[in-house]
Amino acid sequence: MSKVLIQAGTRLLNALGKHSELIMQTYINGTVAEQDYSPKVLEQLVQLGVLWRPDPQSELRLKSAVRTLLEGSLQDERNRTINANIGASLASLKTLAEHYKEALHYNRYNDASAHMSDLTEHVYQLSESLSNSVRVLFSRITNEFGYVSSVDAKIRENELAQGQVTDLLSQLECFRFDQLSEIAGSNRELRHLLVVSLQQRFSKAAQELSVVQARLLDLLGRFREFQGRTRLLKGYLLHMEQHPDFEPGNYTNLTQVPVLFNQSDNIVGVAAPDVNNIEHEQDYQEIVSSLTHIYQRKARQEEENSQQDIDITEQSTVSLEKDPLQIAVEDYFCDVIDSGQPKTALCYYEEKGLTFDPEVWIYQVIGGYQALGEQEKQFFALDPHGENDHIFTGNFYITDITLGLR
Amino acid sequence: MMTEQGRVLSALLQGKFICQVTDEEAWRFLKRKENVEQLEPHLSLLNRTLSTTAEGDVFFASYSTIGEAERKILTQQFQETASNLVPLVEWLLLVQQANETDMPVTMGNAIRLNELQTTIEDTPAYAEQLEKISRYRMFGSTSVNLDGQLKQVFKRLTELGYLVKPNPEKQIYIATGKVEHLYEILRFIDETEALSLSEQAEAAISQGSLL
């Protein structure tokens, strides 16, 4: 028996694999393009229960079992059906549990283990279908019913989902754990399956469903808000089209101006810089340095524009008159050269009866010496007279200077 | 250094709308009651008070007492708003229709200019609509090509504070709280003038005419 079953199953799966493209095309398009495939292949698939023809005139379609398999495995968001028939599953669970207990009672262990595996299968199926339903609902919420475009369609989809949640919740009420635990009795395995495992799944599903319900309501509110806004916009345009001279009343003339139209204007102007603020010195410098560039350029342009007259009269000669002090120093140098004898500056000063401040005179002599070229300096020797400060060493007070030839 | 309080205060005094999109930090600041209490005396000194719109998600400063000078400013503002309503509504509808999701533009919505441009270019009706919108005085576009018109419209909307462009190098705009304010104004006009705009739109849709 089982060998035959295995063979048949393998044949079915092979056919599915072999014609995977046909099946996927049908899954996407809904119907088979019969002219594209050989009638033999189609016939074979019909016999295997993959395809079927709902009406003699209609085209071939995928069997719902295959479609469900694909939807479940591919997590396709188009999957909107939700298996809410929990009551029937529960009834079959109870029946199987009774079978199992009876077989145990009469010590038919083989039968009992067969019933047990059946029962396990059913329990897991039930919990899987529950979690699947919740997952499907969630996936639709997370992409905000992205598979339909208009807001109205989204609202309808949302309403459908809400109906499904309500159905699922009412089906969940069919769980009677007191009955289930009574059926399980003291049998450890039954208790584990019927009470522990199912209860965990049940409480999880109930929790998730309440979240789903809240989110759906939330979304519905948002969709309605969108709908309202769209209508508002369209309505306004329509109104303006029908009444082109419509103007809203001047609400600002009301004694109580609505807050919507009461918006104060800008009163914050630009502050003036405080040039005495040391903290900002750096910033001001940068600002000014970038500013002067602009002004310099402008100023130059103005200059060029204003220089239009050309002065063709003879340029007056400029006579450079030397400072009398400088002349006196030069005379002093010449005097030393002429006499060939060293002479102090103050002596010369007394001799000639000069009228400058003596200190200025000495200073100018030193300056005159320093101003000579390197070569000329070589001819003269400058010897200062004076004394060190008593307290601060390194400070030398010059009282007089001797200038001589080397 | 200016404190957050000072920064928010000066933004308000400049007549700016503060929402989560334009200035999230300031928005968070204003969401706290004690901060607002501290701010209010400064505002009231200048005959202003903090107001909110869009269910408390958008903040702005309004006059606390309205004298002649204030009324003059408000009237001027209102006239500008009223004359801008039609272009703005047409623009909102254009973006909504060209945006395949059919969702109205709301605060925080991202509008990708390139995608929008592609859709509008591919649909002559939208292109015509855009040209009409860009010619309004509010946008003042003189461009003959679609690219220039679209850019001008978005530039003006950014200047007016309806959109922000978070990244200057990307052509992505985000709708600000001022868009919500616009909806509120429409709703207000609808109610005050008893226009029953929604009903008009619904009737038109059910008759299959227009839109």
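In chain B, β1(B) and β2(B) run antiparallel and are joined by six bridges; strands here are DSSP E runs of at least two residues, helices are H or I runs of at least four, and both are numbered from the N terminus. Two strands count as paired when DSSP finds at least two bridges between them. This is a predicted model, in which local features need pLDDT of at least 70, side-chain atom pairs count only at pLDDT 80 or more, and totals for chains, interfaces and linings use all residues. Residues are numbered from 1 along each chain as its sequence is written, while chains are lettered from A and ligands numbered from 1 in the order in which they are written.

**The hairpin in chain B**
- Arg48(B) has Tyr63(B) of β2(B) as its bridge partner.
- Four residues lie between the strands of this hairpin, and Ala54(B) takes a positive phi near 55°.

**Where chain B meets chain A**
- The two chains touch through 49 residues of chain B and 35 residues of chain A, a contact being two residues whose C-beta atoms, placed from the backbone, lie within 7 Å.
- On the chain B side, α1 (4-13), β1 (48-53), β2 (58-63), α4 (68-98), α8 (177-192) and α9 (197-207) each supply at least two residues.
- α4(B) gives the largest share of that side, with 13 residues.
- That side has 27 nonpolar, twelve polar and ten charged residues, where Ala, Val, Leu, Ile, Met, Phe, Trp, Tyr, Cys and Pro count as nonpolar, Asp, Glu, Lys and Arg as charged, and the others, Gly among them, as polar.

**α4(B) against α6(B)**
- α4(B) packs with α6 (residues 124-135) of chain B at an angle of about 155°, their axes 10 Å apart; axes are lines fitted to C-alpha atoms, for helices over the stretch in contact, and angles run from 0 to 180 degrees between N-to-C directions.
- That angle makes α4(B) roughly antiparallel to α6(B), a label for angles over 145 degrees.
- From α4(B), the contact uses Pro87(B), Glu90(B), Trp91(B), Leu94(B) and Ala98(B), and from α6(B), Tyr126(B), Gln129(B), Leu130(B) and Ile133(B).
- These residues divide into seven nonpolar, one polar and one charged.

**The sheet in chain A**
- Three strands of chain A form an open, antiparallel sheet in the order β3-β5-β4.
- Its edge strands, β3 (343-344) and β4 (380-388), each pair on one side only.
- Nine bridges link β4(A) to β5 (residues 396-405) of chain A in the antiparallel sense.
- Asp383(A) has Thr402(A) of β5(A) as its bridge partner.
- Helix α13 (residues 358-371) of chain A packs on the sheet, touching β4 and β5 of chain A, and its direction makes about 50° with that of β5(A).

Definitions and conventions. Angles under 35 degrees count as roughly parallel, over 145 as roughly antiparallel, 65 to 115 as roughly perpendicular and the rest as oblique.
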